[in-house]
Amino acid sequence: MSDPALLILYGSQTGTAQDTAQRIARQAKRRKLQVRTMPLDCYNVATLISESTVIFVCATTGQGDPPDNMRIFWRFIFKKSLPAGSLCQLDCAVLGLGDSSYPKFNFVAKKLQKRLVQLGASMLLPIGLADDQHELGSDAVIDPWLAAFWQKFYTLHPSLKLILLFVLVNQFLLSSANPAEQTLPSSSSLLAKLLSNIRVTDVSHFQDVRLFQFDITGSNIEYTAGDVVMMRPCNAVDDVQQFCQLLRLDPESRFTLRPTDSTPGTLPTRLLHPCTVRHLVETYLDIAAVPRRSFFELLLTFATNELEREKLLEFSSAAGQDDLHAYCNRPRRTALEVLADFPHTTAEIKVDYLLDLFPEIQPRSFSIASSLKALPNRLQILVAVVSYKTKLYKPRKGLCSNWLASLDPNKEDIYVPLWVKKGTLKFPRDEDTPVIMVGPGTGVAPFRSAIQERTADGITGNVLFFGCRSQSKDFFFRAEWEKKIKARQLTLLTAFSRDQEDKVYVQHRISENAELLMDLITNKNAFFYIAGNAKEMPSGVRDALKGVFQQQGTVSAEDAEKMVNAMEQSGRLQSETWS
């Protein structure tokens, strides 16, 4: 009888589920098991009936949606024509990666587990529901879940001997190359010319917010209100230089990639072939991210210095997670800074392992803040430039927002690769249906797109609740709103939280305008939208809406909750939030 094979399938949007799947695969390889790892949409789902053991690692995106790389699988697995017992030979386990600050926490993993059971699959252990909000992050759930999985796996296969090899198997080999003819990377993105990069907050305001405008003439890009634009940032020039110095790499040296025997996968499609070290580090390796625990596990395999090895061993262990969190997550220490802290180990890193150590830079999404009906051939986004202090000397900076902010179209022509995706917000087509939009701060971006689009079509039932700190410092699009108010195309209700002694937020304005909202929702079938930071605002707005129903509809708190849930289920209450 052949040794059991393990298949790990993942659905990942930002790379976390992929990283977790690869971590499980490394654990399997250390146990000398046959293992395959791939995104769900790269797997021929029809062959699932012949697999023996499968781990599904799934993230949840948006409002309970599957990640992009498992949408084909998702449609297939929920086909009504699939026989009830079709997966009765399958042993499997589901690990969900989510964030409990979102209302549909780990929705995809929960729904997948339920469907697999319906199809007859046998669950090896209860579903794992990792939570990014836990003080120790997802690992607080992943670690004990994996320990339980391996225990169950060896119980099912008692003939297997537990062998643990402490080795790292690399995915690719990097070979030096001459400056010969290059294969261009495949791409679904457009190079859009950056036309303007304008700060829209007062210079005295602590937060730098920018409005970026791109020219998409001749691109065939079409978008509607609620859609998002995707782009991949580049690492800062200084970071690329420091990385090459730490690893003693020549940034201008060229290499070609080929997969190793252990990972007969496809080559990264975004890289030039041959490629320079500079291009790899600048555009592909995510060296500015806060590293995951798997990074320390991999770094440990190179450590020969006793002190550094001891520390990396601690950070890689389940017992050392409090210390790792204090060292890495809390101060938001980057992978590059970790390399600088472990110089002896960094000096031992072989170039062939770079793509194993550092994940690929993931695309960032931004709500489109303009409408093609108002601004033909143009696309605008509103971006808060992320920069804040921790106990570390250097301020922490958001990779994409700071990269964008550094681009100056007045000095040279700049082209940014971008592509457009359907967003989660859907606006009614019926021109008689009013919309109520709650968008404090940069959360107003998708609503500017909607207001531009709807007013271009002559629709006037637009109510916007906008909140910011100060009327004089961060009141985005003020002049534009005033014109629309004058033209009777918009009702605007504002909350400037710091302009008076008692803080006033959008939820306060909702409570104050209960009669207006009740009339719009119950008599005119209005749609209600929330966009902005996921921390406290969305739940505060929902509570204020429940209060409207209680006050104006004279219903109980329980019935008000049911009314809000019913609006959400019918699509009349939609939210797009981010952490």
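Analyst: **The binding site and its neighbours**

Arginine 332 sits in the loop that joins helix H9 (321–329) to helix H10 (335–341). Helices (H or I, at least four residues) and strands (E, at least two) are DSSP runs, numbered from the N terminus. Please keep in mind that this is a predicted model, where local features need pLDDT of at least 70 and side-chain atom pairs count only at pLDDT 80 or more, while totals for chains, interfaces and linings use all residues. Residues are numbered from 1 along each chain as its sequence is written, and side-chain values use heavy atoms, leaving out hydrogens and water.

UniProt, in an unreviewed entry, lists a "binding site" at Arg332, Arg364, Ser365, Phe366, Ser367, Gly398, Leu399, Cys400, Ser401 and Trp578. These positions span 247 residues of sequence and are also spread in space, with up to 25.4 Å between C-alpha atoms. UniProt positions follow the numbering used here, feature names are shortened, and an annotation may be inferred rather than shown by experiment.

H9 packs against helix H8 (residues 306–316) at about 105°, with the axes 7 Å apart; axes are lines fitted to C-alpha atoms over the stretch in contact, and angles run from 0 to 180 degrees between N-to-C directions. H8 and H9 are therefore roughly perpendicular, a label that covers 65 to 115 degrees, with under 35 counting as roughly parallel, over 145 as roughly antiparallel and the rest as oblique. Glu314, Phe315 and Ser316 of H8 meet Gln321, Asp323, Leu324 and Tyr327 of H9, where contact means heavy atoms within 4.5 Å. Three of these residues are nonpolar, two polar and two charged (Ala, Val, Leu, Ile, Met, Phe, Trp, Tyr, Cys and Pro count as nonpolar, Asp, Glu, Lys and Arg as charged, and the others, Gly among them, as polar).

Now for the sheet. Among the recorded positions are Arg364, Ser365, Phe366 and Ser367, and strand E13 runs over 364–367. E13 belongs to an open sheet of six strands, ordered E13-E10-E17-E8-E9-E14 with antiparallel pairing; two strands pair if DSSP finds at least two bridges between them. E13 and strand E14 (378–384) are the edges, each pairing on one side only. From one strand to the next, the twist averages 40°. Within the sheet, strand E8 (residues 190–199) and strand E9 (residues 209–215) pair antiparallel over six bridges, and leucine 194 has phenylalanine 214 in E9 as its bridge partner.
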